[in-house]
Structures are given as structure tokens and as C-alpha cells.
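These are my notebook entries on a few things I looked up, taken in the order in which I came to them.

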Amino acid sequence: MATTCVEEVLPPVLDSTSDQPPLFDGTTRLYVSYSCPFAQRVWITRNYKGLQEQIKLVPLNLHNRPAWYKEKVYPGNKVPALEHNNKVIGESLDLIKYVDSNFGGPSLCPDGPGRREFAEELISYTDTLNRIVFTSFKGDPAKEVGAPFDHLETALHKFDDGPFFLGQFSLVDIAYIPFVERFQIFLSEVWKYDITAGRPKLAAWIEELNKIGAYKQTKCDPKELVEAYKKLFMTQ
Ligand SMILES: N[C@@H](CCC(=O)N[C@@H](CS)C(=O)NCC(=O)O)C(=O)O
């Protein structure tokens, strides 16, 4: 498996006091926040394809956002956004496909009968998983999150030529892992709920992903995550 990945010194975070990097000067820029799971999807894709030189990371402080981001770069004012070929485009699920098909490096799109359809099906289920789990944080997660994690466990049984959703590592794994990473931490820390208990395929999937450098470099800080989610979901 290709894990063309160099350990990268991450650029400093820009805030409202920071100058705007030049726009449309021919540099491809990926605007992210280091703690955003949506941005993490595109960041992993870029790393895995070995595009650290071709796609420059521009990390933003979302709590003290530079005004120029909304005004000049991306009116949607969210991350991720990609500046490429004199355009700025957003939406993480579109961007992982865009980066995969418009840049070099190993393909992350599945080939072979049944895989493309299954990939689309799974990619659209990410929103369902996220909705159920985020909503459960306001209720009783132990009762509510079982079904979506069982859905992932079942999906991981479909292709047996590797530990990933389509057998080999693909955009499907990338679409899920930033969220599953956070859910695992928060559900375990706050609710003592182990998402891998009784789900051996899910456990093996997480273990294999943790061996991939392109992903490891993007992981969130568990302590910060717990604090942020407690504020977001557990205060009135
Ligand atoms: N649907 C978007 C969601 C992106 C998103 O919500 N990003 C958050 C950070 S994790 C953001 O930029 N929030 C800033 C805001 O909403 O003002 C995607 O998939 O890219």
C-alpha cells in the first residue's frame, strides 16, 4: 500500500490579525482548521496522495477568523476550501473526489464490480451516522448509537481483500475516520461507551487506519476535543 508521506512541519494558524496569502497566484491552497473533521478529510486525501508540495495548507483560527476569508476567498466562510485553477471550491465530500481526480498520487477511487456503487452508498451514509451520533449527545448515546455503528460493522464485512470498507484504503475510509475518531474518544470518555465492543471489524479498521501516516498526522487532540464537545453538546 502506498503511504507516500513525509512528516510535515505544520504552518502556523492564521487569525483576524494575519495578512491574507496572495489569491490566485498559481499556488494551490487548502484552507483548513486543524480541529475540523470536514477539513481533515481533504487533508488526509492530500497527504495520502503525497501532495504536500503541490497543495499548501492554510490553517485558520475559526474562533477569530480573518475577515478576508469570507470577503475575498470563500463566501461560504467554512473550511475546508480549496483554491485551485483560479477558483475556490468547498464541501469536503466533493473536495476529496476533486483532489483524487485532479492531482497525482495513488488513486483513492474504488475499481471493480459493485465497489463504486457501494462507495457512493457508504459516503451518503456518513451524514446519517453523524446526525444520529451528534443528536445522541443530547440524549442517551448508549441507546441511540448502536444501530449506526452496527451498520458500519456490517459494511466492513462486504469486501474481504483488506480491512477497509472497499477492501483497500479509499475515499470511503477518509469520509468516515475523522468523525469516528471523535465519536470514539467522546463516547468513551464521557459515556463509557466503547464503539468497538462486539464490533471486531470496526476495531480492526481503526487499528489499520492508525498505521497510515497520512492520517496519523491529522489526528485531533483528544483533550481539546472532549472540552470542545462538552461545551458544544453538554451545556444549555
Ligand atoms: N458541509 C461542509 C461542512 C464544513 C463545516 O461545517 N466546517 C466547519 C468547521 S468543522 C466550519 O467551517 N464552521 C464555521 C462556520 O460555520 O462558521 C463540508 O462538508 O465541508
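I began with the pairing of strand β3 (residues 81-84) with β4, which is antiparallel and runs over 4 bridges; strands here are DSSP runs of E with at least two residues, helices are runs of H or I with at least four, both numbered from the N terminus, and two strands pair if DSSP finds at least two bridges between them. This is a predicted model, in which local features need pLDDT of at least 70 and side-chain atom pairs count only at pLDDT 80 or more, while totals for chains, interfaces and linings use all residues. Residues are numbered from 1 along each chain as its sequence is written, and side-chain values use heavy atoms, with hydrogens and water left out.

Within this pair, I noted that Glu83 has Val88 of β4 as its bridge partner. The hairpin has 2 residues between the strands, and Asn85 takes a positive phi near 50 degrees there. On β4 (residues 87-90), I found Val88 and Gly90 on the covered face, whereas Lys87 and Ile89 are on the uncovered one.

I turned next to helix α1 (residues 37-48), whose 12 residues reach 16 Å from first C-alpha to last, close to the expected 16 Å, the expectation being 1.5 Å times one less than the number of residues. Is α1 enclosed by the rest of the structure, or open? I recorded that 11 of its 12 residues are buried, so α1 is largely enclosed; buried means under 20% relative accessible area, exposed over 50%, and partly exposed in between, with a 1.4 Å probe and protein chains only. Among the buried residues are Trp43, Ile44 and Tyr48. The buried residues of α1 pack against several elements, including β1 (28-32), β2 (55-59) and α4 (115-136), where contact means heavy atoms within 4.5 Å. Just after α1, Gly50 takes a positive phi of about 70 degrees.

For the cysteines, I found 0 disulfides in the structure, a disulfide being a pair of cysteine sulfur atoms within 2.5 Å. The cysteine sulfur closest to that of Cys220 is in Cys36, 11 Å away and therefore too far for a bond. Cys220 counts as buried because its relative accessibility is 12%, whereas Cys109, at 32%, counts as partly exposed.

Last, I looked at the lining of the largest pocket, which is made by 40 residues, with Ser33, Ser35, Cys36, Pro37 and Leu62 nearest its centre; a pocket is an open set of points on a 1 Å grid over the protein atoms alone, where a 1.4 Å probe fits, with protein on both sides within 12 Å along at least five of seven lines, and lining residues have an atom within 4 Å of a point.
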